[in-house]
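I opened the notebook to record what I looked up, one topic per entry. The entries follow the order in which I went through the chains.

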Amino acid sequence: MTDHRDLPMPPPVAGRVLDADLDLLDRQILDPDGVPVSTVDDLELTDPDDLEHLDPDTPPVVSALLTGPILATRIFGGRMPDSRFIRIPWKVVADPGIVVTVGVAADSLDASWAERWMSEHVIGRIPGGRHDPE
Amino acid sequence: MKGLFAVALGVLTAIGGFVDIGDLVTSSVVGSRFGLTLAWVLVLGTVGICLFAQMSGRVAAVSGRATFEIIRERLGARLAVANLSASFLINLLTLTAEIGGIALAMQLASSISPGLWFPVAAFAVWIVIWRVRFSILENVTGLLGLALVVFAVAVFFLHPDWSALGSQLLQQPSPHTDESPATYWYYAVALFGAAMTPYEVFFFSSGAIEEKWKPKDLAQSRVNVLVGFPLGAILSLSIAACAAIVLLPKGIAVTSLYETALPIAQAFGKIGLIVAILGFVAATFGASLEVTLSSGYTLAQFFGWPWGKFRRPAHASRFHAAMILSLVVALGILLTGVDPVQVTEISVVFSAIALPLTYLPILIVANDPKYMGDHVNGRVTNVVGLIFLGIILVASIAAIPLMIVTGAGA
């Protein structure tokens, strides 16, 4: 039996508390110009040294937002291999509000490669694709 | 004029929801079989769509979030993908029906077989979405769709027996002994579902963002809803009334757009028919635009892609690719030779799944001060919203059994 005094204390809270499930997962990610990048499909946490005994002074922290083809695993369970996720490092996150705003342009992120590919190879090649509608 | 155009979004949304090809025929079918005994469903559905469209428009204007982004955020990927699959299938089937509807309307005008019009119609829809600005698109189709007002005028020119028509409004369920109660309720659910189709709120809320509505535009949003949807309902009701006056006594069954237009021909002759056909083309074309854009909006908002007609196509490439693909698939379905009108009937089943999953997240977010600040729902709105959510749930549970029991209203 563990005495209740041995239980790890929750880390001291400074600033805004975010619920990973409620405030981060499935949120839209926008760049500073309001261009959608992707949605938050999963989170990457830092590995604690010892998973059994978490050290209250150095808790795992969110190191990156992950995005990728998660639908199958979200519906049927299981987990995708890490290599299939695209990382958006937490250090570029500017404001986790009702949308997660990142501080860098969408075009500079790996997460929008599919958008760029489709734009360069298909949509941009159809006449009128690069012009404003009239 | 500026005031007239200010309600264009509401009018176009409502035309797509209330007088698209499925409704043009369904209203007529219902009128010719049940008279006006189902008019109360239309009123109920109109109140419901006004309530939730206004809520989704308010959320869009205040928080800048369109409806499907909210659905994903609030339901999570798993439930949201159930909604996405159902909504997208409805969109695809409706789009198929609408493109078919344009072709059928063009056939009435030109006598050229609809098979030849399918590709032309699909291409025309694409080119408008590709090149025409959102504001022009909504104004032109919204205005031309008003040609359908001819049905409302015709009701008066047909000199109906008003007291007989009025008594139908209160007679329940059906004046005809040969229609079973199950069939009556099947059409009640179908009419209710058609009035509250989810793509209307997807389109309306995304349109609010296309038009860059802000909290100061909330009054405009309200006017859009309160003018557009009741107008659509009145047009839909007029079509049913025309059918009840002309087709019901003679026992003419509505099987195509041709019978829908018959009462107009009787009231106004050739000129009326031309106006009605213009209205048919505008309404089906407007609905095609609305549904195509909705397919793009739902997919892009679910996956977090850039979307919107305010961006160049190259800057919303997957959004445009999704819409092109939808049009190609719809055209493919049409070319197999299915009856476009029957296609909409099938979509009622999928509608059943999507309705509650669409309206619940809107209600939740409209109460979240993080999104809405001071503009959260009032108590009355919440009570009425919850009541409607209950009705929607009952309708959606009843839809599939009723469809099986009645053989889809046969």
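Entry 1, the four-stranded sheet. I looked up the sheet of chain A with the order 2-1-7-6 and found it open, with four strands and mixed pairing. The model is a predicted one: local features need pLDDT of at least 70 and side-chain atom pairs count only at pLDDT 80 or more, while totals for chains, interfaces and linings use all residues. Residues are numbered from 1 along each chain as its sequence is written, and chains are lettered from A and ligands numbered from 1 in the order in which they are written. I took helices (H or I, at least four residues) and strands (E, at least two) as DSSP runs numbered from the N terminus, and two strands as paired if DSSP finds at least two bridges between them. The edges of this sheet are strand 2 (36-39) and strand 6 (93-96) of chain A, each of which pairs on one side only. From one strand to the next the twist averages 25 degrees; the axes behind such angles are lines fitted to C-alpha atoms, for helices over the stretch in contact, and angles run from 0 to 180 degrees between N-to-C directions.

Strand 1 (residues 28-30) of chain A runs antiparallel to strand 2 of chain A, and three bridges join them. I noted two facing pairs: A:Ile29 is opposite A:Ser38, and A:Leu30 is opposite A:Pro36. Five residues lie between the two strands of this hairpin, where A:Gly34 has a positive phi near 80 degrees.

Entry 3, the three-stranded sheet. I found an open sheet in chain A with the order 3-4-5 and antiparallel pairing. Strand 3 (42-45) and strand 5 (86-89) of chain A each have a single partner strand, so one side of each has no neighbour in the sheet. Neighbouring strands here are turned by 35 degrees against each other on average, direction ignored. Strand 3 and strand 4 (residues 62-67) of chain A are antiparallel and joined by four bridges. A:Leu45 has A:Val62 in strand 4 of chain A as its bridge partner.

I counted three helices and seven strands in chain A, and from the N terminus on they run α-β-β-β-β-α-β-β-β-α. Chain A has 134 residues, of which 22% count as buried. For that label I used C-beta atoms placed from the backbone: buried means 20 or more others within 10 Å, exposed 12 or fewer, partly exposed in between. Among the contacts in chain A with a separation of 6 or more, 46% are between residues 24 or more positions apart; a contact means C-beta atoms, placed from the backbone, within 7 Å.

Which residues of helix 3 (residues 113-121) of chain A are buried? I found A:Glu115, A:Met118 and A:Ser119. The buried residues of helix 3 of chain A pack against helix 14 (317-335) of chain B.

Chain B gives 27 residues to the contact and chain A gives 28. On the side of chain B, the elements that give two or more residues are helix 5 (67-110), helix 6 (114-131), helix 14 and helix 16 (369-372). Helix 5 of chain B gives the most, with seven residues. By class, I listed eleven nonpolar, five polar and eleven charged residues on this side. Here Ala, Val, Leu, Ile, Met, Phe, Trp, Tyr, Cys and Pro count as nonpolar, Asp, Glu, Lys and Arg as charged, and the others, Gly among them, as polar.

B:Val329 lies in helix 14 of chain B and is partly exposed, with 14 other C-beta atoms within 10 Å. B:Met403 is in helix 17 (residues 379-406) of chain B and counts as buried, with 20 C-beta neighbours inside 10 Å.

Terms used:
Two residues are in contact if their C-beta atoms, placed from the backbone, lie within 7 Å.
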